[in-house]
Amino acid sequence: MLGAPLRNEIFAGNRAVGRIAFTVAAEPGGSRRGRVHEAGSLRVRFPNGNSLAALDAVIVNTAGGMTGGDRFDVDIKVGAGARLAVTTAAAEKIYRSLGPDTDIGVKLDVGPGGALAWLPQETIVFDQARLRRSIDIELARDASLVLVEAAVFGRSAMGEAVVQGHFFDRWRLRVGGALVFAETLRLDGDIAQRLAQCAVTASGVAVASVIKYPGSDADTAAVRSAQDRFAGEVGVSSWNGLVVARLVASDGAALRRDLVAVLTALDAAPLPRLWLN
């Protein structure tokens, strides 16, 4: 049998590492990609490179998922007056870990008059997965942002459940250099027990957050007016020009329907076609 040091060395050698970094600039014919860097198992494709509207970017993980010891980084800069919508080719899967965390780092920078819609498909978390993610956003004062992140703890339709694991999610949003939104979510150990608590999700296994900047009380009212159509629970608040919506649902399909309804009510950027397939 392999000794522990050799076994750990073999596992480390099989870990996936990926990074993408790119810039987007406003040009007379619309928003265009600038410098693009790809490394490891992450790729980015631009299906509408000639569009006069927002440039679309699709992130592809060729590793087919993530597990403990994997590291992925995304660094995007949207230049002055440019418009970008980002999604993923599929729902990202975070598999069981033998010990180390899966690390994801996202850095988003939007210049004066720029607009970014960050609309990845949901993250599916498997039992005994370990995820550590950080999302750092810098906006110019007159930039705009729609940001969505959704997580599904186990695929209910396939009889899967997340009992144990580690989920650490850190978000920081700065506008004009000033911190306007910060939160850190940590679910550790018995995740199922924590999700069952009424103050958490009351046994819901699919959650999402939506941020819109700039946002207004009218946005909040538009989301609340759709309450009768939601399959799960949706709460929304606005303050200091920021709108934040929280969603909880019994499964990923219900969460997706509610997310579409919330984004429609917020008059967000057109949803990626990949969301509607």
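Leaving aside residues up to four places away in sequence, Trp118 touches Ile59, Val74, Ile76, Val86, Val106, Leu108, Val146, Leu147, Val148 and Glu149 (contact means heavy atoms within 4.5 Å). The model is predicted: local features need pLDDT of at least 70, side-chain atom pairs count only at pLDDT 80 or more, and totals for chains, interfaces and linings use all residues. Residues are numbered from 1 along each chain as its sequence is written, and side-chain values use heavy atoms, with hydrogens and water left out.

**Nonpolar cores**

- The largest nonpolar core has 53 residues, and those touching the most other members are Phe22, Ile76, Leu84, Trp118, Leu139, Leu147 and Phe153.
- Another core, of 28 residues, lies apart from it and includes Ala117, Ala226, Phe230 and Leu271.
- A nonpolar core is a set of buried (under 20% relative accessible area, 1.4 Å probe, protein chains only) Ala, Val, Leu, Ile, Met, Phe, Trp, Tyr and Cys residues joined through side-chain atoms within 4.5 Å.

**Strand 13**

- Strand 13 (residues 164–175) is largely enclosed by the rest of the structure, because 9 of its 12 residues are buried; strands are DSSP runs (E, at least two residues), numbered from the N terminus.
- Strand 11 (residues 130–139) runs parallel to strand 13, joined by 10 bridges, and Ile137 stands opposite Leu173.
- Strand 14 (residues 178–190) runs antiparallel to strand 13, joined by 12 bridges, and Val175 has Ala178 as its bridge partner.
- The hairpin of strand 13 and strand 14 has 2 residues between the strands, and Gly176 takes a positive phi near 60 degrees there.

How values were computed
Buried < 20%, exposed > 50% of the residue type's maximum accessible area, 1.4 Å probe, protein only. Helix = DSSP H or I, 4+ residues; strand = E, 2+ residues; numbered from the N terminus. Pairing = 2+ DSSP bridges.
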